[in-house]
Amino acid sequence: MANISLQYYKTPIGELVLGSFEGKLCLCDWRYRRMRTGIDKRVQLGLKATYVEQPCDVLDETALQLADYFDKKRQQFELPLLMVGTSFQQRVWQALLQIPYGNTIAYSDLAKQLGNTKAVRAVANANRANAMSLVIPCHRVVGSSGELTGYAGGLPAKKRLLALEQDLIDKHC
């Protein structure tokens with residue numbers, strides 16, 4: 001069986017689990033999230049691989065880019081990504097990558113953007129299944145009236161991430 005290289009990375013907000021498979025990032029997720037077991041199972045089964053804690057160039061680069069993000073020096077990640085999920089989940093995740101730094105979008109608007117206004121719950125479920133928090137910015141999705149709703153790292157983390165991004169935007173205006 002193949003291996004997924006695994007490392008842990010501490011951010012100012014919480015600890016992330018980073019995973020790489022065949023030179024691509026496949027995991028950048030909150031270590032202590034509620035769905036940790038389900039996400040790990042999906043990634044490992046989807047790639048027919050097991051986690052092995054070991055050094056890896058892609059994970060080292062991910063850590064550098066995360067450090068730049070938290071230091072307000074990076075607004076977009078430039079990493080090779082391997083998204084493990086259904087075709088619908090991958091469409092949602094691709095759409096998340098298009099949300100500009102410091103901006104938010106409502107689940108309903110994201111569903112509309114994907115061509116199905118009735119798919120709000122499916123969009124929310126795909127968002128919840130995102131295994132690459134921060135890199136695929138699911139924290140930028142909010143409720144229809146702008147309220148903060150569910151996030152794998154917890155609502156306090158979501159609030160801090162949005163504040164970090166907004167702070168940088170405000171300083172450049």
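**Ground rules.** I am working with a predicted model, where local features need pLDDT of at least 70, side-chain atom pairs count only at pLDDT 80 or more, and totals for chains, interfaces and linings use all residues. Residues are numbered from 1 along each chain as its sequence is written, and side-chain values use heavy atoms, with hydrogens and water left out.

**Ring pairs.** I looked up aromatic pairs (rings of Phe, Tyr and Trp, the last by its six-membered ring, with centres within 6.5 Å; planes under 30 degrees apart are stacked, over 60 edge-to-face, the rest tilted). I found 3 of them. Tyr 69 and Phe 70 have ring centres 5.1 Å apart and planes at 85°, so I noted this pair as edge-to-face. Tyr 69 also pairs edge-to-face with Tyr 101, at 6.2 Å between centres and 80° between planes. That pair links distant parts of the chain, 32 residues apart: Tyr 69 is in helix 2 (residues 57-70), and Tyr 101 is in the loop between helix 3 (87-97) and strand 5 (105-106). For the elements, I used DSSP runs numbered from the N terminus (helices: H or I, at least four residues; strands: E, at least two). I also saw that ring pairs join Tyr 69, Phe 70, Phe 77 and Tyr 101 into a cluster.

**Buried or exposed?** I checked Tyr 69 and Tyr 101 next. Buried means under 20% relative accessible area, exposed over 50%, and partly exposed in between (1.4 Å probe, protein chains only). Tyr 69 is buried at 1%, and Tyr 101 is buried at 7%.
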